[in-house]
Amino acid sequence: MKRYILFFAIVLACISLSSCKKFLEEKQVASLTQDYFNDENGLNALINGLYVYTRVKHEWDANGARLIEAGTDAYMISNAAQARMGAGDYGSDVGLIAGNVNNYLGAANSNNAPMGAYPHINNCNIALEIIDNVKPGKFGTDENFRKVRRAEILMLRSWAYYLISNQLGDVPLLLTPNREDNGIYYYPKASLENIYKQIIADMRYAYENLPPTVLPTERGRATKWAAGHFLAKLYLNRAQAAPFQNSAETHLKMLYKGNVATDLDSVITVASEVIGGTGGALAPDYWTLFNPAVSETNPHSEVLWAAQFDVNTSLNGRFGGNRSVNYHVGNYTDLTGVTRVMAYGRPFGTFKPTDWGYDNFIDKVNDSRYYKTFQYEYIANMPPATSTSFTWSAAAAAWWNANKPANEPAVTAGTKRILSGQRALIYIENQRDEALDSAMVMAMPFQFMVRWIRSAVTGRYYYRLFVDGSPMGLATARNAPYLSSKKYVDPLRGGSSDEANFNSENGTRDAILMRLAETYLLRAEAYGRKGQYVLAVNDINVLRQRAAYKAGENRPNVLAQYEPQAATLSAGERQAPYTAAAGAYNKIMVTEDHFTPGTPQANLEKYIPTATTKADMFIHFIYNEKAREFLSEGITWEDQHNAGILYERTIYHNQMASPLTGRWPVSANTSGSSGQDGNGKGLMQKHYTFRPWPNQYLSQLTDETGKPLDAAGRAAYQNPGY
């Protein structure tokens, strides 16, 4: 049996351009030899096949998804033990995260070709060798065509090195193909500085040679503007880590990627070219970026690059499609009268926002991103005879009958509360000082999931009670209901809208990898790091202009009816259809006061204690804004990691991962390990900001002669702290 480390073997999968919607259409050609790639058709097929790797972030939670979002300030794993980030899951080379990294690298599989970073990198190297030396067919007669395809290969290889070095730091830098097993698995690590030199040089070539647009039938191919966005991000990552070269903190020193004085200027130059070249326009409405009715048929040009998945699930590879469509949805079916349906998604409850992830949306009334990000309401879809709705208690029925709106019917104790076709479940993420009256919350004709309620009898404050009065706490064994990101909801899961597919995990949605809103924030961060705050604020406000509710736009009824901040709306705006009387941009427009110490605006941002200066607060404001704009989109972990702020932001904002005490409000229901007693529940450590090299990888390494590494050699290869 071949060793794990032979992830450098070639993946013999051909991909053609014959699909009318996507250019990735997989065809099994395992009977072919490597000579197939030495002609024009074969090389084209190999290059097209490299795009399969763009899916890696969204294929499977145990492959990539768990590594890119959870364990940050704003997002966590729903499982309580894993959310705590204990040593067994995070600190071991045989634990949960090590297993993810093993797959991310390219673990062997008994039934499929190896996948992950290094099989992909090897295929890129094979393609480069053929395109540079063999130059078959059009690759030898059309130099512009050859350069475009070569640029694609370099971008796709750079993407792999970027993703895997984000996780592990120094990694092997392999630039020539490995076509056979010689029994020697000697892969010394290259420094991040050398890796970044290589991928920045490669991305400069890609940026200079890729076309600005591609044909609609080739949607998903790399373009000049996607390459420019990525290049600007690489320059920024190197600039962010330059001050860490001599840091006394190992986890920061390991981030060092070189020190080039012009990097921030390069970010600004390249990002400006991308913004100018694309026209600079964001999608007019934030939700249309994620609304499958729009995004799957007519994606906005704000999306610079997306991983391609198809409604024909047979084309979606080993994991059956975009698996992220399954991982962000809490349980909406428990006593609600709602059964699992395609429109709401599969309620796995794998990942969820932290309380801070919700609270970071400071102005829920005027910033539309909050209600356009979350599935705040569910409608009952079960007939009365089989409905799972909970029933009216005598006390709840009495309160409702005494306080109900005049147009609502009276109810009877013992009957089902939630009627088919009516509101079944809504969420309000409020602060302790915004606690809602317990009698009202517990007597609604629907499940009213409120973070903080205040007892109508005792005045005590309670944190996250279920409808039966039991405490849910911060995280429990219950597949708890929670306010879920709706960015991945897929009404064609399994390949069609047939409700018979409601159990399918095979997502068909494309997954956004890069969009222009981030390009603006990359440039804004570079401006701010140079002290050019006016220019930075201008870029941030491009996002705020889009985020604000527009005059004539209807706010959600849940917002107008129950959001504590809705008291600031006019009487007319609180009446159906809840139309905004004027644009809200002036209410959420950013100024330098938002990151100037001591101002009311800065106080609302609730900066972590280590951010004390204007320069510090500016950096953290950028990442607060990124959390508002890109929540659940799969860039948070790597962004905060590269900025060197992942550990601090996690321990100060993510209560389940934090070892700190006394930082959170206390409730009356403090019992249980996940009760809200004001203390962190977690075990996050600094060295977790880099991942462990998995034992399955280390145990296969050899020296130059093929002799397996001994314990000391494996320990030397391992990242510090593991």
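Keep in mind that the model is predicted. One of the helix pairs is α10 with α18, which pack at about 30°, and another is α1 with α8, which cross at roughly 35°. On the cavity side, the count comes to 8 of 30 Å³ or more.

**Helix α10 against helix α18**

- Helix α10 covers residues 224-241 and helix α18 covers residues 516-529; their axes sit 10 Å apart, at an angle of about 30°.
- That angle makes α10 roughly parallel to α18, since angles under 35 degrees count that way.
- As for handedness, α10 and α18 cross in a left-handed sense.
- From α10, the contact draws on H229, A232, K233, L236 and Q240, while α18 brings E518, T519, L522, E525 and R529.
- Sorted by class, the residues of this α10 and α18 contact are 3 nonpolar, 3 polar and 4 charged.

**Helix α1 against helix α8**

- Helix α1 (residues 40-50) and helix α8 (residues 143-168) have axes that come within 10 Å, with a crossing angle of roughly 35°.
- The crossing of α1 and α8 is left-handed.
- On the α1 side you'll find N44, I47 and L50, and they meet F145, R149, I153 and L156 of α8.
- By class, the contact of α1 with α8 splits into 5 nonpolar, 1 polar and 1 charged.

**Cavities**

- The largest cavity has 13 lining residues, and the ones nearest its centre are V441, M442, F448, L465 and V467.
- Strand β10 (residues 447-450) supplies the largest share of that lining, with 3 residues.
- What is the lining of the largest cavity like by class? It has 11 nonpolar residues, plus 1 polar and 1 charged.

- A576 and P577 are joined by a cis peptide bond, with omega at about 5°.
- P577 belongs to the loop between α20 (557-562) and α21 (585-588).
- L335 isn't a glycine, yet its phi is positive, at about 65°.
- To find L335, look in the loop between β4 (303-307) and β5 (351-353).

Key. Residues numbered from 1 in each chain as written. Predicted model: local features only at pLDDT ≥ 70, side-chain atom pairs only at ≥ 80, totals over all residues. Heavy atoms only, no water. Axes fitted to C-alpha atoms, helices over the stretch in contact; angles between N-to-C directions. Helix = DSSP H or I, 4+ residues; strand = E, 2+ residues; numbered from the N terminus. Parallel < 35°, antiparallel > 145°, perpendicular 65-115°, else oblique. Left-handed = near helix turned anticlockwise from the far one by under 90°. Contact = heavy atoms within 4.5 Å. Nonpolar A, V, L, I, M, F, W, Y, C, P; charged D, E, K, R; others polar. 1 Å grid on protein atoms, 1.4 Å probe; cavity = no way out; pocket = protein on both sides within 12 Å on 5 of 7 lines; lining within 4 Å. Points joined across faces, edges and corners; volume = space filled by probe spheres on them.
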